[in-house]
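Here's a quick briefing to read alongside the model. Have the sequence and the structure open, and let's walk through the main points.

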Amino acid sequence: MAHQTGTADNYKHLLTKLRKFITANNWVSQRWQTSGTGAIIKVQSAPNEAGSGYAVNDVLNVVQTGGSGATVRVLTIGGGGNVLTLELVAAGSGYMADSGVTTSGGTGTGCTIEFEVNGEYELIAKGTGLESSDEIYIGIKTFSSDVGDYYNWLLSGFLGFNSDLEFNNQPGGIAVTPERPRLSLFNDTMKYWFIGDGRRVIVVAKVSTVYEAAYLGLLNPYLPPSSMPYPLVIAGTHTGYSGERWSIQNASHSLGIMVPNCCNTSSTESDILANPRSSCRFWNGEWHGIQHNYNNTGSYQTDWKALWPYCRYNHARFNNLRSNINDGTYTLLPVILHMNSPSPNIFGELDGVFFITGFNNAAENIHTIGGKDYLVVPNVYRSGIFDYCAVRLS
Amino acid sequence: MAYETGSATGVNDLIGKLKTFLETNGYTINSFTAIKTGYRLHVQKGDLYINIRSAFNETYVAQNQSSAFWGIALNGSTGYDAGAPGGDLAWHNQPGRPGPTGTSQYGFVSVAGGMTAAIPSYYFFLDTDGFVACIEISTGVFRWIYWGKLTMFGNAGGNALDGFFTGAVIGPYSYLNEPYNPFSNTSGDYGVCFFLYFNVPENTQKWFSAVNALGGYGRTTGLIAYTPFSNSLMANNENYAGYLHNLIRSIPGNLGNLSPLLPCFMGVATPTRDTLLGHFDMVRLTRIAGFTTGQEVSLGGKTWKVLPAISRTDVNGYAVAVKKVA
């Protein structure tokens with residue numbers, strides 16, 4: 001399993017980086033496109049590969065299949081003519097955001113660059129599993145509003161990929177109504193963590209002062225493929241019910257891998273069955289919304305589809321839990337997807353996500369347990385004892 | 001690991017077989033004597049002391065007992081004193097036993113009752129410092145007694161006895177012959193399913209009581225131990241909330257009749273924080289509907305024997321899988 005930590009310039013750049021990360025880790029990009037003209041709007045000042053033999057003011061052509069007309073200028077070079085910094089000259093069209101993109105022209109060779117383009121991005125990717133034989137389909141679309149000041153990802157999962165169909169109509173995708181899981185990001189620099197293998201990818205992003213997390217891919221099922229062939233989980237942090245901005249603080253804005261909550265959308269348990277709007281969706285022959293509670297209170301348990309131990313009645317036994325008393329270490333518990341009604345089932349565990357107490361704990365702590373590193377992630381803006389999970393980095 | 005199964009002519013025959021089994025498998029027998037309608041058995045393994053009493057239609061086997069009892073009662077202690085005060089109650093008034101100190105107090109016990117006739121079958125399981133007995137008191141109806149030390153989370157540290165527990169299914173006050181679940185909680189008024197030793201300053205008695213709320217009448221120690229099973233499968237109240245509650249409700253699964261064997265977590269509530277102490281590694285918990293009675297399941301080289309917590313027809317349908325082969 002691989003992980004990567006870094007900084008992204010904005011919500012679109014984060015997706016560009018994610019695509020690069022997962023395609024290096026047993027995922028195949030099925031669709032990577034923009035809703036815009038493909039004009040380059042920003043070039044990373046530092047090249048990916050510096051090349052050699054360049055001169056200041058060299059103008060380089062951006063070489064990418066489908067794109068034309070974009071150029072960049074060399075601003076500074078090192079002693080061997082290696083490019084240190086460059087800038088965008090001509091935006092061109094037909095490009096798609098990427099890194100390691102080849103250039104041509106100028107006096108040197110070997111300079112590759114990273115850039116972003118106009119429009120909103122769409123990524124559909126296929127995971128090939130741990131043995132490169134699986135077909136696991138996930139999708140992410142960026143969307144934004146300058147008026148609303150939100151810059152987010154829309155998340156989905158599919159049963160397959162059809163290049164003739166748009167995102168919303170891909171086979172087996174989460175229905176457009178009720179709304180799909182989202183990840184609230186923003187149009188500014190943010191720290192991120194990617195964790196992934198060919199079965200699933202986890203994204204954690206620090207957006208200003210809050211933490212967002214997404215899980216796209218398979219859980220670790222307790223049953224063989226003959227009984228549970230495609231245990232696909234798509235989790236974000238909300239469904240847009242109470243707004244889209246990262247700063248929203250209410251029960252409907254909550255990590256889907258912990259407390260997938262749409263309390264505010266449903267005042268009765270029966271409403272939830274008819275309206276599986278949830279920040280965590282699970283495929284078991286159809287898309288299920290995972291939700292622990294209704295009527296916006298922990299004592300109104302649905303028990304329909306839930307994540308143990310976060311689903312406990314009023315968080316009993318886990319909401320006042322301290323670390324191990326003799327040495328201050330932490331015990332991790334698996335996050336288990338199950339449901340009680342309409343039929344009982346225990347499906348399996350989220351892969352690499354664990355319950356951890358918030359006692360004497362803090363966001364971004366790294367705990368080494370059993371030789372593996374775990375990143376502590378809070379539930380968006382919360383900081384109570386019960387409001388943390390741990391994501392395995394190694 | 002040691003394992004034995006058989007039948008007994010009654011509760012006093014059973015305690016004799018228990019004594020022999022423990023002695024054969026490395027326990028020190030500090031005392032085994034007849035008393036009133038039964039026997040008192042004091043055994044020791046290292047620094048764990050277990051005090052056991054059988055009774056057959058007897059009304060004052062233990063402090064706080066309210067009615068006649070047919071069965072086995074037990075508690076733990078940190079030592080053995082043949083001259084412990086208490087007269088007929090001295091058996092559960094050993095040094096360091098659960099319950100308040102005081103000349104008129106003789107400690108608390110857990111009981112497994114209803115053993116009014118021959119025992120169709122029993123199952124004894126034993127490992128380094130743990131023991132489990134599943135007793136079929138009548139065809140298809142079971143009771144349990146058990147003790148051991150938790151596999152502690154984190155560095156065990158602290159006191160050498162931390163994580164020591166002894167238990168059965170209920171306390172001696174009332175309903176003491178009735179069916180209750182092992183590793184569960186109930187009202188403190190009815191007594192304590194198990195007692196768990198953990199040496200923290202907040203609990204001068206050192207023993208925590210596996211109940212959903214501290215009862216009156218002095219039948220529970222000062223603080224609560226948290227249990228893996230809930231008292232009731234359908235309860236949605238934190239007072240009944242065993243650690244595994246929601247998961248147990250989802251067993252067996254509609255898909256593949258899935259019935260995971262879940263860890264037997266135990267923890268404690270102190271005045272400031274709760275602590276998940278560890279798990280009893282001889283036991284896994286599940287529901288019996290996914291298994292035949294006595295079914296043996298091999299997982300990772302270990303063999304687990306699955307038996308009903310009470311019976312196959314009990315409303316909760318809990319089951320206990322005990323490690324038979326390590």
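Of the 326 residues in chain B, 62% are buried. Keep in mind that this is a predicted model.

**Chain B overall**
- Chain B contains two helices and 19 strands.
- Its radius of gyration is 18 Å, close to the 20 Å the globule rule gives for 326 residues, so chain B is as compact as a globular protein of that length.

**The nonpolar core**
- The largest nonpolar core counts 204 residues, and A:Trp153 and B:Phe131 have the most contacts inside it.
- Strand E16 of chain A (residues 210-218) gives the most to this core, putting in seven residues.

**Helix H1 of chain B**
- H1(B) covers residues 11-24, 14 residues in all, and spans 20 Å from first C-alpha to last, close to the 20 Å expected at 1.5 Å a residue.
- Which residues of H1(B) are buried? They are B:Val11, B:Leu14, B:Ile15, B:Leu18, B:Phe21 and B:Leu22.
- Looking down the axis of H1(B), these buried residues fall within an arc of 120°, so they line one face of the helix.
- Just after H1(B) comes B:Gly26, with a positive phi of about 95°.

**Aromatic rings**
- Over all chains, the structure holds 38 aromatic pairs.
- B:Phe32 and B:Tyr39 are a stacked pair, because their ring centres are 5.0 Å apart and their planes sit at 10°, under the 30 degrees that counts as stacked.
- B:Phe32 counts as partly exposed at 28% relative accessibility, and B:Tyr39 is also partly exposed, with a relative accessible area of 28%.
- B:Phe153 and B:Phe265 make a tilted pair, 6.1 Å centre to centre with 55° between the planes.
- That pair links distant parts of the chain, 112 residues apart: B:Phe153 is in the loop between strands E10 (151-152) and E11 (164-167) of chain B, while B:Phe265 is in strand E15 (residues 262-269) of chain B.
- Both B:Phe153 and B:Phe265 are buried.
- B:Phe153 and B:Phe265 also belong to one aromatic cluster, together with A:Trp308, A:Tyr310, A:Phe318, A:Phe355, A:Phe386, B:Tyr226 and B:Tyr243.

**A charge over a ring**
- The charged end of B:Lys324 sits over the ring of B:Tyr3, 4.6 Å from the ring centre.

Key: Residues numbered from 1 in each chain as written. Chains lettered and ligands numbered in written order. Predicted model: local features only at pLDDT ≥ 70, side-chain atom pairs only at ≥ 80, totals over all residues. Heavy atoms only, no water. Core = buried A, V, L, I, M, F, W, Y, C linked by side-chain atoms within 4.5 Å. Buried < 20%, exposed > 50% of the residue type's maximum accessible area, 1.4 Å probe, protein only. Helix = DSSP H or I, 4+ residues; strand = E, 2+ residues; numbered from the N terminus. Expected span 1.5 Å × (residues − 1). Arc of directions from axis to C-beta. Phe/Tyr/Trp six-rings, centres within 6.5 Å; stacked < 30°, edge-to-face > 60°. Lys NZ or Arg CZ within 6 Å of the ring centre and 35° of its normal. Rg over C-alpha atoms; globule rule 2.2 N^0.38 Å.
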